[in-house]
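Here is a short report on a single protein chain.

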Amino acid sequence: MFSIGPSNAPGQHPRPLRPHPLHPRTRTLRRRPRAGKAAVALAVAAVLASTIPTAQAAVAPHGGTSQCGGRGVDTTALIRYESDIVIKAPLSTVWKLQTDVERWPSWQPPVTTAERLDPGRLKSGSQFRWTTPAPATPTTPATTLAITSTVQELRRHDCILWSGPATGEGLRIDEGIHLWTFRRVVGGLHVHTEETWAGTQVEADVPTATAALGAGLEAWLHDLKTTAEALTSDHPRPH
């Protein structure tokens, strides 16, 4: 549900809601902040809230929505964001990174802990719990968020949708809904993600919450790209 946020690298000045400050700028197919109700990506996204100017988080009108098994994010949510990226790595590599939840902390620094709450391969109904720091905002205190996510839909090598609440001392997101889809394209793998948040506290300041969500999702995409492409470079497939 939540996203990952790094610190700025020397000499880099990331544009609001776009490039990952620790990784090379990467062309994305679409970046569009959306106003909506609420959802899953909250934690690390909040980490970036302090680095993204609130004025840049203006929400945009809703467009089309992707789905997984006929289900998607909350289309009525006030806090909503979606983005896309192309990754030059095999689908199997990217899919494993996304679904091997317990290893998230190894490539997403803002995810401090992650654990499965049930055994076996990740599937519909699976649950996992993870934590991430959230900085102070004008309306919420700095805290560590604990997110309990439940997989709502999962189509192997195609899409995954999870949702659940995030809670910390002085901060709560009632529900986050996070969707990922994966499509092979010329030049690599097209990854789409979108997420919504809902909750009284985050809805009290929609621009700041949307900026945090957007920054977090962009960071997650770039960490995913960087890690998957590095793994592919280290272990190229034979011709």
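A residue counts as buried when its relative accessible area is under 20%. The model discussed here is predicted.

**Two buried polar side chains**

T208 sits in helix α5, which spans residues 206-234. Its relative accessibility is 8%, so T208 counts as buried. The side chain of T208 has a partner: a polar contact of 2.9 Å joins it to the side chain of D205.

S83 belongs to strand β2, residues 79-87. Relative accessibility is 0% here, so S83 is buried as well. The side chain of S83 makes a polar contact with the side chain of E218, at 2.8 Å. S83 also shows how the fold brings separate stretches of chain together: S83 and L221 are 138 residues apart in sequence, yet their C-alpha atoms are 8.4 Å apart in space.

The side-chain contacts of these two residues are listed here.

| Residue | Partner | Polar contact, side chain to side chain |
|---|---|---|
| S83 | E218 | 2.8 Å |
| T208 | D205 | 2.9 Å |

**The disulfide**

How many disulfides does the structure hold? There is 1. The disulfide joins C68 to C159, with an S to S distance of 2.1 Å. The bond ties together distant parts of the chain. C68 lies in the loop between α1 (42-49) and β2, while C159 lies in strand β6, residues 159-168. The two cysteines are 91 residues apart. The torsion about the S-S bond of C68 and C159 is about 70 degrees, so the disulfide is right-handed. Are these cysteines buried or exposed? Both C68 and C159 are buried.

**The largest pocket**

Rolling a probe the size of a water molecule over the atoms shows where empty space is left. In this model, the largest pocket holds about 230 Å³ of space. Which residues line the largest pocket? The lining consists of S92, W95, K96, T99, D100, R116, R121, L122, L154, R156 and H157. By class, the lining has 5 charged, 3 polar and 3 nonpolar residues. Which element gives the largest share of the lining? Helix α2, residues 91-99, does, with 4 residues.

**In brief**

S83 and T208 are the two polar side chains treated above: S83 is buried at 0%, and T208 is buried at 8%. The C68 to C159 disulfide is right-handed, given its torsion of about 70 degrees. The largest pocket, at about 230 Å³, has 5 charged residues in its lining.

Technical notes. Residues are numbered from 1 along each chain as its sequence is written. This is a predicted model: local features need pLDDT of at least 70, side-chain atom pairs count only at pLDDT 80 or more; totals for chains, interfaces and linings use all residues. Side-chain values use heavy atoms; hydrogens and water are left out. On a 1 Å grid over the protein atoms alone, a cavity is a set of points where a 1.4 Å probe fits but cannot get out, and a pocket is an open set with protein on both sides within 12 Å along at least five of seven lines; lining residues have an atom within 4 Å of a point. Grid points are joined across faces, edges and corners, and a volume is the space filled by probe spheres set on the points. Ala, Val, Leu, Ile, Met, Phe, Trp, Tyr, Cys and Pro count as nonpolar, Asp, Glu, Lys and Arg as charged, and the others, Gly among them, as polar. Buried means under 20% relative accessible area, exposed over 50%, partly exposed in between (1.4 Å probe, protein chains only). A polar contact is a pair of N or O atoms within 3.5 Å; within protein, one must be able to donate a hydrogen and the other to accept it, and residues adjacent in sequence count only if both atoms are side-chain atoms. A disulfide is a pair of cysteine sulfur atoms within 2.5 Å.
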